Amino acid sequence: MNDKLLTWEEAVQWLKSQPDWQELVKACYYDEHLIDAAKRFAASEEWQAVQDIVKHMLPCKILDLGAGNGISSYAFASLGCEVTSVEPDPSNIVGAGAIIKLAKEFNLNIEVVQNFGETLSFADSTFDIVYGRQVLHHANNLGQLCQEASRVLRAGGMLIATREHVISRQADLDVFLRSHPLHDLYGGENAFMLADYRRSILNAGLIIKHIYRPLESVINYAPLTSAQYKFKLSTRLSKFVGGSTAQWLVSQPFIISLWGRIHAWRDHTPGRLYSFIAIKS
């Protein structure tokens, strides 16, 4: 690792300056103009899949935990939700400053609080939904972060933690960190074992309703679209069952689910993405 680490903003700015990493820049919603990134996210299949999960609760009070540059806050506010964004980084490009600018420019109902998720300043039972996109794996204390998320949720409220990095064994963490394009620059990446996420969520008094495996939802495999994923799967299956049968198979939701389960059983790639949906009883 470099002796002198960069800030998150500096690391992202470096990434944006690298011609070979522009696809990753786009996938991470680091567009040159923040509103372009926010609108792209709000129109994405990933966001649509999240919206489908919570549509029966909207509009409501949302805590966007580790909100980053505010693309999720923008998406929730655009649906009429009352949004509170918690983001410890003050950056005007990738942190709280960016969210403030976004909210003011488009007159969005977003309150920005610069804080860490382990020490939330809100009263108990304040929010209907606590949402975090790629947040739990950054926790300094995963158990405490989940406890705080549970505390500020009302009874019947929902925790949505998406695109969390998972490792199969602790030794895989170094493999994942060495492969990450930015960790060597700013030192802020991490991953936990699936059992750690489950334990922390359950110990916080939450009931896990669903765990989305890497290929079970576009929430995890985005920026690949569902059509692109089905085409890739169909191409693979056609080698064994023929093209028309393969196309029919990938049109069946239970086949997609079954393949996702099989893939998750076989896949031990360090840092693969899982998402968690939990309810406060």
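The conversation below goes from the whole chain to particular residues.

Mentor: This is a predicted model, in which local features need pLDDT of at least 70, side-chain atom pairs count only at pLDDT 80 or more, and totals for chains, interfaces and linings use all residues. Residues are numbered from 1 along each chain as its sequence is written, and side-chain values use heavy atoms, with hydrogens and water left out.

Trainee: How many helices and strands does the chain have?
Mentor: Helices (H or I, at least four residues) and strands (E, at least two) are DSSP runs, numbered from the N terminus. On that basis, the chain has 14 helices and eight strands.

Trainee: What is the radius of gyration of the chain?
Mentor: The radius is taken over C-alpha atoms, and the globule rule is 2.2 Å times the number of residues to the power 0.38. For 281 residues the rule gives 19 Å, and the chain is close to that, so it is as compact as a globular protein of that length. The radius of gyration of the chain is 19 Å.

Trainee: What percentage of the residues of the chain count as buried?
Mentor: Buried means under 20% relative accessible area, exposed over 50%, and partly exposed in between (1.4 Å probe, protein chains only). Of the 281 residues, the share that counts as buried is 52%.

Trainee: Which residues of α5 are buried?
Mentor: Seven of the eight residues of α5 are buried, so the helix is largely enclosed by the rest of the structure. After α5 comes G80, whose phi is positive, near 90 degrees. The buried residues of the helix are I71, S72, S73, Y74, A75, F76 and A77.

Trainee: Why is the pair of F76 and Y131 edge-to-face?
Mentor: Rings of Phe, Tyr and Trp (its six-membered ring) pair if their centres lie within 6.5 Å; planes under 30 degrees apart count as stacked, over 60 as edge-to-face and the rest as tilted. The structure holds 11 aromatic pairs. In the pair of F76 and Y131 the centres are 5.3 Å apart, and the pair is edge-to-face because the planes stand at 75 degrees.

Trainee: How many residues apart in sequence are the parts that this pair ties together?
Mentor: F76 is buried at 0% relative accessibility, and Y131 is buried with a relative accessible area of 0%. F76 lies in helix α5 (residues 71–78) and Y131 in strand β4 (residues 127–133), so the pair ties together parts whose separation in sequence is 55 residues.

Trainee: Which residues form one aromatic cluster with F76 and Y131?
Mentor: The cluster contains both F76 and Y131.

Trainee: Over the ring of which residue does the charged end of K61 sit?
Mentor: A charge sits over a ring if NZ of Lys or CZ of Arg is within 6 Å of the ring centre and within 35 degrees of the ring normal. The charged end of K61 is 5.7 Å from the centre of the ring in question, which belongs to F127.

Trainee: How many disulfides does the structure hold?
Mentor: A disulfide is a pair of cysteine sulfur atoms within 2.5 Å. C146 is buried, with a relative accessible area of 1%, and its sulfur is 19 Å from the closest cysteine sulfur, in C60, too far for a bond. The number of disulfides in the structure is zero.
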